[in-house]
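This briefing covers one protein chain.

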Amino acid sequence: MRAGKQPPKDSRPNPQGAGPGVRPTPDLARRIEHHFDAALARFDVGDGSKARHHVEELASWWEWGVGRIDGVTPGLVPALTCSYLCGEIGEVWARGWQPADISRVVGRHLGPKHVRVAVDAIAEEAETYRSRHRTLPTWLDQLDEVGAVLRWDPQTDHLARTAQELNVDLAGFLLVAFEVLVMLHHLPTISILAPPPSAWDRSAALDLAVTWRSQTGSGESRPLERIRALLAKAESTEFDEEAEALTAKAQELMTRHSIDAALLAAHAAGRRAREKPAARRIGVGVPYAQAKAFLLAQIAEAATCRVVWSKSFGFSTVFGFEGELASVELLYTSLLLQARTTMVRSAELGRRAKGRSFRQSFLVGFASRIGLRLKESADVATSDAIREHGGRLLLVLADRSRAVDELRNETFPDSKGLNSPRPTPRAGPLGRWLPNWLTSHADQSLRTRRQPDRGATQIQSSFALRCAALRGVEQVSVCELTVWR
């Protein structure tokens, strides 16, 4: 939806109280709130084209500086916009969403300008809890990951500066903000993987996470640095065999580190906080989302983690212990880069190698082959550790595996006992496996349960259709998921 050109300033009279440095009259403040609510209501029913008049009026008052004191403080329109955005951000936390999820889903369904607006709103809302004594470390890590850092004085009109940076006028910025507000409002409830900020003061899970991070944080980085160094070499080499060997070595180190951590946790149980399995959402973007989800599943299986892919939201939920989750995400990022580099080189073989079907088949074959290599490395490291530590290690690993399964089944109760079929190997070009699995599971798309919506007949734009689909999802169910064990 595009903002129309604003009428010339002289065609819009300046109402009483509309100048900068003058407090708006109660009547004007009510008119502004009316136009804001009316525009939001139009967007909410998928009829944003009829909100143009309201948006242009709001942009006019914003430009005139209604409510701006001393020429510095934000006016009434940007203050109202910030208030609504921060309010919706706080609401989605209670419905199971986390900072990285919001950046991902807004980018998937809207665009980069919308992501910027959403991330800035997250940054402003986060200032209410960043300085707390009790904070969730992984949550703060996500804020840094998406760039949700306050780079402005909240008492200034930073939204106008953002509009300039996004190369849109004030009306265009309001259109973007309204679309973000509607999408946030209609995001459904999903599984709560971590306590939201509103529950940090009374969450036992937060106490456990903070204590465990403080006990293990200093020792976790050293093995990961060695693993990163190996993966960096794998990403830079021009030889596929060398890249696979380096990646397999990284997997072996990951497995050894995981086993050492498991034995240490078992030995220390009762004398310090007992480590519990956790869950982490990892983005699975387009294109070739199904092949990428399969690659992530192969990596997670080698690390004895569990994966549930939520296709409609563009992420997979990985279950395991913190060290294993960090390794899985690190390896997934590296292997995606390696696969992309190899595909670019393969494109030199001819036009066929540039096609979408070839690339999708290539990714599935790459995932299958690298998955086998990773499992072999993990098996070797595990066998060596069993010979060294004996049957005690088997009991420890079995307990951890059972704990991960219990968390997965508790988070997605409908997925218990379900497994996705493996791709069927078949000879193909360049020795790859053809994607029978892709075609046989093409019907795994999102099945939404629509609720009655009085504005459904007015939905016209693709944005409105996406919001209607999200509005119809009451809870992620098994028919929307692909489960790897």
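For residues 472-480, where pLDDT stays under 50, how many contacts beyond four places in sequence does the model have? The number for residues 472-480 is 36. The model is predicted, with an average pLDDT of 78 over the protein.

**Confidence**

- A pLDDT of at least 70 is reached by 72% of the residues.
- Helix α5, residues 112-126, has the highest confidence, at a mean of 96, while helix α15, residues 436-440, has the lowest, at 28.
- Residues 417-461 have a pLDDT below 50, yet the model gives this stretch 86 contacts beyond near neighbours in sequence.
- Where pLDDT is low, predicted coordinates should not be read in detail.

**Helix α5 against α4**

- Helix α4 spans residues 99-109, and its axis lies 9 Å from that of α5.
- The two helices pack at an angle of about 160°; angles over 145 degrees count as roughly antiparallel, and α4 and α5 are therefore roughly antiparallel to each other.
- The crossing of α4 and α5 is right-handed.
- On the α4 side the contact involves P99, I102, S103, V106 and G107, and these meet H114, V115, A118, V119 and I122 of α5.
- Seven residues of the contact between α4 and α5 are nonpolar and three are polar, with no charged residues.

**Helix α5 against α3**

- Helix α3, residues 76-94, crosses α5 at roughly 80°, and the two axes come within 9 Å.
- The range for roughly perpendicular is 65 to 115 degrees, and α3 and α5 are therefore roughly perpendicular to each other.
- From α3, the contact is made by C82, L85, C86, I89, G90 and W93; from α5, V117, A118, A121, I122, E124 and E125 take part.
- By class, the contact of α3 with α5 has nine nonpolar residues, one polar and two charged.
- A118 and I122 of α5 are in the contact with α4 and also in the contact with α3.

**Helix α4 against α6**

- Helix α6 covers residues 137-146; its axis and that of α4 come within 8 Å and cross at roughly 35°.
- P99, A100, D101 and S103 of α4 make this contact with W139, Q142, L143, E145 and V146 of α6.
- Five residues of the contact between α4 and α6 are nonpolar, two polar and two charged.
- P99 and S103 of α4 take part in the contact with α5 as well as in the contact with α6.

**Salt bridges**

- The structure has 19 salt bridges.
- In one of them, R281 pairs with D101, and the closest N and O atoms are 2.6 Å apart.

- V286 and P287 are joined by a cis peptide bond, with omega about 0°.
- P287 sits in the loop between β1 and α11, the latter being residues 289-302.
- Y288 lies in the loop between β1 and α11 too and has a positive phi of about 60°, although it is not a glycine.
- Most peptide bonds are trans, and most residues other than glycine have a negative phi.

How values were computed. Residues numbered from 1 in each chain as written. Predicted model: local features only at pLDDT ≥ 70, side-chain atom pairs only at ≥ 80, totals over all residues. Heavy atoms only, no water. pLDDT = per-residue confidence, 0-100. Helix = DSSP H or I, 4+ residues; strand = E, 2+ residues; numbered from the N terminus. Contact = heavy atoms within 4.5 Å. Axes fitted to C-alpha atoms, helices over the stretch in contact; angles between N-to-C directions. Parallel < 35°, antiparallel > 145°, perpendicular 65-115°, else oblique. Left-handed = near helix turned anticlockwise from the far one by under 90°. Nonpolar A, V, L, I, M, F, W, Y, C, P; charged D, E, K, R; others polar. Salt bridge = Lys/Arg side-chain N within 4 Å of Asp/Glu carboxyl O.
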